[in-house]
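This report describes the fold and surface of one protein chain. Please keep the sequence and the structure in view while reading.

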Amino acid sequence: MTPTPLAKFDITRPEIERVVARFYAGVRAHPVLGPVFAAHVTDWPPHEAKIARFWANAILGERGYDGNPMVKHMQAGNVRPGMFEPWLKLFDATLEAELSPEQAASWSALAHRIGRSLRAGVVDRDTLPGGIPKLR
């Protein structure tokens, strides 16, 4: 592999696309995550292409992603605190199945940082410690 100058770690665009495709195949079959995504995604290939652009931007420094994950997840209305753990568990399993241990570890660390940020912005802002809802 020839490293991309701005890459956070050594990975190719086809590897990113392969991980994204396998992950969303798992999401569609997942008993908790599947219905959440099905409520919003009706055409999977464009969604997967957009998410591949997100990861190519985050990992390789490619410009081409034009979304706002925080806003999108906040607007979804059905993202709950308990969903981040199975999302990351499935994502980690996909990384381990598709990539070298070094690539999987690097991408997992990035995904977990992003997951913590999304959780904080989407669900934790409305809860107190222990998951108790804030009643404003």
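Helices (H or I, at least four residues) and strands (E, at least two) are DSSP runs, numbered from the N terminus. On this basis, the elements of the protein chain run α-α-α-α-α-α-β-β from the N terminus on, with 6 helices and 2 strands present. The model is a predicted one, in which local features need pLDDT of at least 70 and side-chain atom pairs count only at pLDDT 80 or more, whereas totals for chains, interfaces and linings use all residues. Residues are numbered from 1 along each chain as its sequence is written, and side-chain values use heavy atoms, with hydrogens and water left out.

Of the 136 residues in the protein chain, 39% are buried (under 20% relative accessible area; exposed is over 50%, partly exposed in between; 1.4 Å probe, protein chains only). Among contacts (heavy atoms within 4.5 Å) with a separation of 6 or more, 67% join residues 24 or more positions apart.

| Residue | Relative accessibility | Class |
|---|---|---|
| Ala-38 | 49% | partly exposed |
| Arg-63 | 69% | exposed |

Ala-38 belongs to helix H2 (residues 33-38). Its C-alpha atom is separated by 9.4 Å from that of Val-27, 11 residues apart along the chain.

Where does Arg-63 lie? Arg-63 is found in the loop between helix H3 (44-60) and helix H4 (69-76). Arg-63 counts as exposed because its relative accessibility is 69%.
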